[in-house]
Amino acid sequence: MSPTEKLAPGAPPAADFIPLIVPEICGNEWEYVKECLDTNWVSSVGTYVDRFEKLTAERVGTKYAVATVNGTAALHIALMLAGVEANDEVLVSTLTFIAPANTIRYLGAWPVFIDAEPNHWQIDPNAVIDFLDKGCRWDGHALVNRKTGRRVKAILPVHILGHPVDLDPMLDVAAKYSLPVIEDATEGLGARYRGKGLGSFGQTGCFSFNGNKIITTGGGGMLVTNDPELAKRAKYLTTQAKDDPIEYVHNEIGYNYRLTNVLAAIGCAQMEQLDTFVDAKRKIAKRYQEALSTIPGIQLPNEADGGYSTYWMYTVLIDEHQSGISSRDLLRELGMCKIQARPLWQPMHRSPAHQQDFDFSCPVADGLYQKALSLPCSVGLKSDAQDAVIEAVNSVIDAHRASSRAR
Ligand SMILES: *Cc1c(COP(=O)(O)O)cnc(C)c1O
């Protein structure tokens, strides 16, 4: 975790330090939180929880939303709702933050890591289709992985960096094999696929309101769905699976995964500003696009047809041969200019935490991991700060190209 993603209280960064991504708290947050404190409604029930759920469902375009303590908890519950059990398998993006892969293991199930596609860096629908069509067989009751003999139970595509996964082919193949789709849309709030909000396509969709996400509650999450039974069960499982309104009687193991009213109050205030935040992010992306497109060796992100990206985390690819510098060296040199950049996540098929008895081959994700670099893109990033980033990237690459030519 980088320093700005976990700032010590009372220790603001130096004035000329440009952090990767920090929250923007400039709406009704104080007012709503104060109301919670003044009225004593601070804990896990309250009008702000209900309102935040309603606002999120409306925004995403689903009938129901259930607030959770964080995005990881939402994913954990979503997998339970999909019927995932120990020794089942779930297809998941290899190029992702680790949380979705971890939640599969929480249930004793196993992730099947799927490679990324090279154009928008999302999970490759063709690789999913290929695995299901060729890597699995139907044993009369269930779809079974030919290699492991385990049942394949769900598909968990992760919309990364604020851009949508190509969902149509994914949903088609999921329907063909009756597999539930769980969308990890934690990085994709406000983004759209063919005009509809991410998170609204699958059986369930999951969101996070961690400090570096497009809106934040400090920490929080949400599970969305159109299915009233699943919504009810999500509420139940996140509330210790209490079965009687009065008596403490529980028929199942549940979890304490609820979001507090205080945090939901922040969430309501943040959600009111989502459109403004997305606009700001898209402007920042456009500015980077204009300024960086002429620099040799940098490949910029772009939007797919039918996709609407929030550019949540503005990420570029650095080609070492053309630019004269690797993404990691550029990261270090930007750091020396007090500019915080970040690599992408180690792909899950490479993660020591997720080793299995055999190797997954995901060459596209490997290449992206090596080249990717995320640049400062806070909603509140000022244009002079962005200019400083552009200038620094430009001059570092210039210097390295000159010295690699001289050699
Ligand atoms: C942030 C994130 C999560 C987890 O959210 P938390 O609220 O931090 O638990 C899950 N998946 C992805 C892709 C994320 O970026």
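Helices, of type H or I and at least four residues long, and strands, of type E and at least two residues long, are taken here as DSSP runs numbered from the N terminus. On this basis the protein chain of the predicted model contains 13 helices and 15 strands. The C-alpha trace of the protein chain spans about 75 × 60 × 35 Å along its principal axes, and the radius of gyration of 22 Å agrees with the value near 22 Å that a compact globule of 407 residues would have. Buried residues account for 53% of the 407 residues in the protein chain, while the chain exposes about 18100 Å², of which carbon and sulfur atoms supply 52%. Among contacts in the protein chain with a separation of 6 or more, 69% are made by residues 24 or more positions apart.

The ligand is surrounded by 16 residues, of which G71, T72, E187, S208 and K213 are the closest. By class, this shell consists of 5 nonpolar, 8 polar and 3 charged residues. Of the 380 Å² that the ligand exposes when taken alone, the protein buries 91%. Two or more residues of the shell around the ligand are given by each of the elements α3 (71-81) and α4 (99-106), with α3 giving the most, namely 3 residues.

Methods
Residues are numbered from 1 along each chain as its sequence is written. This is a predicted model: local features need pLDDT of at least 70, side-chain atom pairs count only at pLDDT 80 or more; totals for chains, interfaces and linings use all residues. Side-chain values use heavy atoms; hydrogens and water are left out. A residue is near a molecule or strand if one of its heavy atoms lies within 4 Å of it. Accessible areas come from the Shrake-Rupley method with a 1.4 Å probe; for residues, only the protein chains shown count as cover. Ala, Val, Leu, Ile, Met, Phe, Trp, Tyr, Cys and Pro count as nonpolar, Asp, Glu, Lys and Arg as charged, and the others, Gly among them, as polar. The radius of gyration is taken over C-alpha atoms; the globule rule is 2.2 Å times the number of residues to the power 0.38. Buried means under 20% relative accessible area, exposed over 50%, partly exposed in between (1.4 Å probe, protein chains only). Contact means heavy atoms within 4.5 Å.
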